[in-house]
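Subject: Structure handover

Hi,

Here is the structure I promised to pass on.

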Amino acid sequence: MMNIAALVNSLRCSLLHIESRLLQAAGLTLDRQLAPALAVNGPSLLPQLDREDELEEQQSPEQSPGLLDGILWMAAPKKRRTIEINRTRRRDETNLLKVKTNIEPCPECGHLKQKHIMCGFCYAKVCKETALIRQQMTAMEGGPLRAPTVETVVLYEGETPSELDKDKRIVERARKRPAWFN
Amino acid sequence: MATAMTGRGMAFLRTIPRVMHSRFQVLGPQQLSCLHTSTSLESKHWEKRNMKVYPPQKPDDDRRPAEIHHSRRQIKYSKDKMWYLAKMIRGMSIDQAITQLQFNDKKGAKIMKEVLEEAQEMAVKNHNVEYKSNLYVAESYSGKGKYLKRIRYHGRGMFGIMDKVNCHYFVKLVEGSPPQIEEKTSFDQAKEYVQNLKNRTIIHSL
């Protein structure tokens, strides 16, 4: 950890050095330690601006415009936020979790569900049965992209196809009809 | 001469641990606890609270409610995010707490629900709790676990140290129905404040 901290410090020092050299080259150094936090307009602090400086200003922004402008005009926090202020913001009423009042037991299975959402247990039940029906359908088709162009009807034990089911594909399931299916 | 000296020296050295041992026996457990001789990051004080044994109660005493301490360590989640869930279920009955956690979308909610169910099982099996629903959450909070450190690469050759966060979760269940907290209205609070001001006396006065 110590080496990394030292590395970071050395990198920061070298970068600051590079920046100061760039500023010197551009000819815009006001003080030795120009604080980047000050948002000060350039020309107002250089009353002796000559045409040479203006020419240099025109040339230098092409080298590093974003760096200098960004430093002078960026918003930055003035003071460290204390832990008390941080806590009052994080623990404010609006940020706390709300207790849900829309939970009720499912009338079918008795597990809990939200009022506007299907019961998870009943949904899992339906998913299982539909997975088995789909397995049977893929077995009947025999391969991919062989779905018939007619409708499909699922029939359980002891059921005969009715008048309406004449032209439909019939999928047979070897169990009695579940209570929730129609 | 030298051998006699060393003989006496050895005898003296042998009496030192005996003296120190007797000294430590004289010191009570309260005084020893401030010595911090064995704190390490693996000390599990929360679980040890389950081992506390009270003396038998007298027949006319009120029944002491059972307390169950349970925790889970090194959960891969942030302690600050876990705190919101822990704050939500403080003071709820265990059934209500499990319901709320079941329908919460946060990652910590699933883990906390497992912890509560484990604690409920422990209560019924080991802590002589008769009805598993007759429990409420007395204390629940999250703590910082051990972090792993990784490097996060920034531009211009700079880097930051990224923390891979872990948290612990602690819960204490107590037998009985959850205590009713009296909601004080703002008018009552203001009245109390004014009353406190009126009750002030001026000392050293005539």
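Helix 6 of chain B runs for 20 residues and reaches 29 Å from its first C-alpha to its last, close to the 28 Å expected at 1.5 Å a residue. That expected span is 1.5 Å times one less than the number of residues. Helices (H or I, at least four residues) and strands (E, at least two) are DSSP runs numbered from the N terminus.

A word on the source: this is a predicted model, where local features need pLDDT of at least 70, side-chain atom pairs count only at pLDDT 80 or more, and totals for chains, interfaces and linings use all residues. Residues are numbered from 1 along each chain as its sequence is written, chains are lettered from A and ligands numbered from 1 in the order in which they are written, and side-chain values use heavy atoms, leaving out hydrogens and water.

Back to helix 6 of chain B: its buried residues include Ile111(B), Met112(B), Val115(B), Leu116(B) and Gln120(B). (Buried is under 20% relative accessible area, exposed over 50%, partly exposed in between, with a 1.4 Å probe and protein chains only.) The buried residues of this helix pack against strand 1, helix 4 (79-89), helix 5 (94-102), strand 2 and strand 5 (167-175) of chain B; contact here means heavy atoms within 4.5 Å.

After helix 6 of chain B comes Asn128(B), with a positive phi near 60°.

Gln74(B) belongs to strand 1 (residues 67-75) of chain B and is partly exposed, at 38% relative accessibility.

Cheers
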